[in-house]
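User: Hello! I'm new to this structure and would like to learn how to read a few of its features. Could you guide me?

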Amino acid sequence: MSVDFGLRGKVAVVTGGGSRAPGIGNGRAAAALLAEAGAHVVVVDSAPENMTATEDLIAERGGSCLAVTADVTDPDACADVVRQAWDAFGRVDVLVNNVGVAGPPGTVVDVDLDAWDRCVRLNVSSMVLMSRAAIPRMRLGGGGSIINMSSAVGLTGGHPGVAYPTTKAAVIGLTRTMAAHHGPEAIRVNAIAPGYVYTPMVHSQGVDDDAREQRRLAAPLAVEGTGWDVGDAVLFLAGPRSRWITGVVLPVDAGLTATLGAGSAPSVTSRT
Ligand SMILES: NC(=O)c1ccc[n+]([C@@H]2O[C@H](COP(=O)([O-])OP(=O)(O)OC[C@H]3O[C@@H](n4cnc5c(N)ncnc54)[C@H](O)[C@@H]3O)[C@@H](O)[C@H]2O)c1
């Protein structure tokens, strides 16, 4: 018996629903799983060619989707995405703000400031713009669920570039604040913080087999994560099975962030 996620007939918008290379990205997996659960999925990507494999995957799994080419850093384009979703399906229930980039290298001393601004716009402002367009339509439908893609490094820091973890931490602040603002109108807002997931984004950054193995072994479960692991978390947070959950940050990381506590420092209780 298949699990009912309560998403049949609902409308889900997934930004960055393509993948920049063959394989299963977080957005692609989320879009496919939402469609499989019966949602009408609006796949959004700035690169139309990146969406083709997502559309094929959804069709293979018996779902259907509407692919919309749009740059989610552009307020008018975001409004147009939501308008197209509304025109096609008459409602907007779920928004997955998945677009995010690795950002420029550098510390605060030497990061390129234009690239920093661009990273903030892509990783944080895009979520504001898409939510701003979608929330009025969610209100008309009596509520909704927004899922913002953060990262484990948004919780921990510890990344060579200042831009990526800073923007991913901002996503957490945005998520909690939005949850408080929009809870009274039955709009839930949660974040997912993936760990070392092996996706086309990671592959295209040149992570070789050795680095891939180190990433796998870094987390307690020592199992390599895929876009499907992130997509399953999206599926749970999207529908009524998580109806009492809002404002949380869900690490999907094989326990990676659980290892970053006091570490090997002597515990206080051992001295008493
Ligand atoms: N892979 C990991 O290990 C990992 C870890 C933590 C968090 N994440 C997060 O997951 C998210 C993305 O994952 P993915 O695997 O789907 O990435 P991906 O690179 O496979 O796909 C992202 C898609 O977003 C599209 N895109 C980029 N800029 C856009 C814009 N301005 N407007 C519309 N679309 C745009 C790209 O064309 C691409 O198709 C990001 O937020 C990323 O930070 C990934």
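User: Which atom of Gly18 lies 3.4 Å from an oxygen atom of the ligand?

Analyst: Keep in mind that this is a predicted model. For Gly18, a backbone N or O atom lies at that distance from a ligand oxygen. Gly195 also has a backbone N or O atom 3.4 Å from an oxygen atom of the ligand. With Asp45, a side-chain N or O atom is 2.6 Å from a ligand oxygen.

User: How much of the ligand's accessible area does the protein cover?

Analyst: On its own the ligand has 860 Å² of accessible area, and the protein covers 94% of that. Around the ligand are 30 residues, with Asp45, Asn98, Tyr164, Lys168 and Thr199 the closest.

User: Now the helices, please. At what angle do H3 and H4 pack?

Analyst: In general, the angle between the axes and the distance between them describe two packed helices. Here, H3 (residues 75-89) and H4 (residues 113-140) pack at about 35 degrees, their axes 9 Å apart. The crossing of H3 past H4 is right-handed.

User: Which residues make the contact?

Analyst: Among them are Val81, Val82 and Trp86 of H3, and Leu129, Met130 and Ala133 of H4. By class, the contact has eleven nonpolar, three charged and no polar residues.

Key: Residues are numbered from 1 along each chain as its sequence is written. This is a predicted model: local features need pLDDT of at least 70, side-chain atom pairs count only at pLDDT 80 or more; totals for chains, interfaces and linings use all residues. Side-chain values use heavy atoms; hydrogens and water are left out. Axes are lines fitted to C-alpha atoms, for helices over the stretch in contact, and angles run from 0 to 180 degrees between N-to-C directions. Helices (H or I, at least four residues) and strands (E, at least two) are DSSP runs, numbered from the N terminus. A crossing is left-handed if the near helix is turned anticlockwise from the far one by less than a right angle, and right-handed if clockwise. Contact means heavy atoms within 4.5 Å. Ala, Val, Leu, Ile, Met, Phe, Trp, Tyr, Cys and Pro count as nonpolar, Asp, Glu, Lys and Arg as charged, and the others, Gly among them, as polar. A residue is near a molecule or strand if one of its heavy atoms lies within 4 Å of it. A polar contact is a pair of N or O atoms within 3.5 Å; within protein, one must be able to donate a hydrogen and the other to accept it, and residues adjacent in sequence count only if both atoms are side-chain atoms. Accessible areas come from the Shrake-Rupley method with a 1.4 Å probe; for residues, only the protein chains shown count as cover.
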